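Me: I'd like a close look at one part of this structure: how its charged side chains pair up. Please walk me through it slowly.

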Amino acid sequence: MSEGEQPNVYHAEPQSNIGKWILIALAVVYVGGSLFFIYDLHSKLGKVTQDQAASQKQIGDLTKRMQSSEADSETLAHQLGMTKKELASRADILQHQQQAASARIAAQMEEEKQNVSAVAGEVGSVKTDVGGVKSDVAATKASLEATVAQLQHTIGDLGVQSGLIANTRSDLEALKHKGDRQYYEFSLLKGAKPQAFSTVALQLKKTDPKRGKYTLNVTADDKTIEKKDRNQSEPVQFYTGRDHMLYELVAWTVDKNKITGYLSTPKNAPVPISATSQ
């Protein structure tokens with residue numbers, strides 16, 4: 001070998017060392033990566049294990065709750081002396097009863113509404129009746145006023161102008177309605193005891209139906225006055241009382257043993273409790 005070929009031997013050794021170091025570095029990197037992967041995998045496995053343990057605990061708690069709930073139901077059923085099936089049946093019965101009660105209440109409310117409507121209808125009918133009564137009252141009032149308008153004033157047996165004379169019971173009702181004087185209707189029997197009216201007493205003594213005449217006694221202020229042969233529908237007048245008030249009586253029927261008519265007194269004349277007022 002010549003001297004010019006020796007430098008090639010010395011250059012080969014450094015290249016061989018560099019390759020070894022590269023291999024060592026790659027090995028170190030591989031080992032480090034493997035260790036990291038193993039560590040990471042171990043950590044994940046640990047977390048999965050913890051999650052699985054937590055899930056199992058939750059499942060255990062839920063199982064306990066279900067068992068406890070079932071035990072409570074069994075305890076309640078036992079306390080009530082019923083099985084689960086009987087308890088469920090009883091609950092169903094109670095539910096049906098509640099529904100039936102609700103239906104009854106609804107029906108009662110509907111019935112009350114109908115009753116209220118019926119009462120409202122009756123009230124309306126009563127209002128109509130009241131309106132009819134008002135109309136009747138107005139018609140009656142008009143009729144009485146017409147009757148009063150037809151009555152006439154007459155001179156009495158004392159020569160005094162009398163008030164309006166009633167010849168029938170309907171005429172008398174019209175005069176009562178007018179309210180100018182007080183009126184006492186009477187029916188006197190011949191031979192009977194004196195009858196008290198207002199502050200006087202009247203006693204029939206004799207009748208003459210054919211001529212329409214009668215005789216009676218008037219007792220007033222402790223004195224008795226005979227009114228002889230008075231005519232039917234004639235105002236028979238007399239004065240009585242401390243204030244000298246004018247009283248009148250009229251007989252509108254003269255029968256064989258009876259006369260009927262009325263006694264008229266001033267509105268302010270005394271009215272004893274024993275008086276027979278019509």
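Reply: Start with burial: under 20% relative accessible area is buried, over 50% is exposed, and in between is partly exposed (1.4 Å probe, protein chains only). The model is predicted, so local features need pLDDT of at least 70 and side-chain atom pairs 80 or more, while totals for chains, interfaces and linings use all residues. Residues are numbered from 1 along each chain as its sequence is written, and side-chain values use heavy atoms, leaving out hydrogens and water.

Now the pairs. There are five salt bridges (a Lys or Arg side-chain nitrogen within 4 Å of an Asp or Glu carboxyl oxygen). Let's begin with arginine 169 and glutamate 185, whose closest N and O atoms sit 2.5 Å apart. This pair links distant parts of the chain, 16 residues apart: arginine 169 lies in helix α3 and glutamate 185 in strand β3 (DSSP runs numbered from the N terminus: helices are H or I, at least four residues; strands are E, at least two). Strand β3 covers residues 181–189.

Next come lysine 178 and aspartate 180, with 2.2 Å from N to O. Here aspartate 180 is partly exposed at 45%, and lysine 178 is partly exposed too, at 40%.

Another pair is arginine 230 with glutamate 234, where the closest N and O atoms are 3.7 Å apart. Arginine 230 counts as partly exposed at 21%, but glutamate 234 is buried at 16%.
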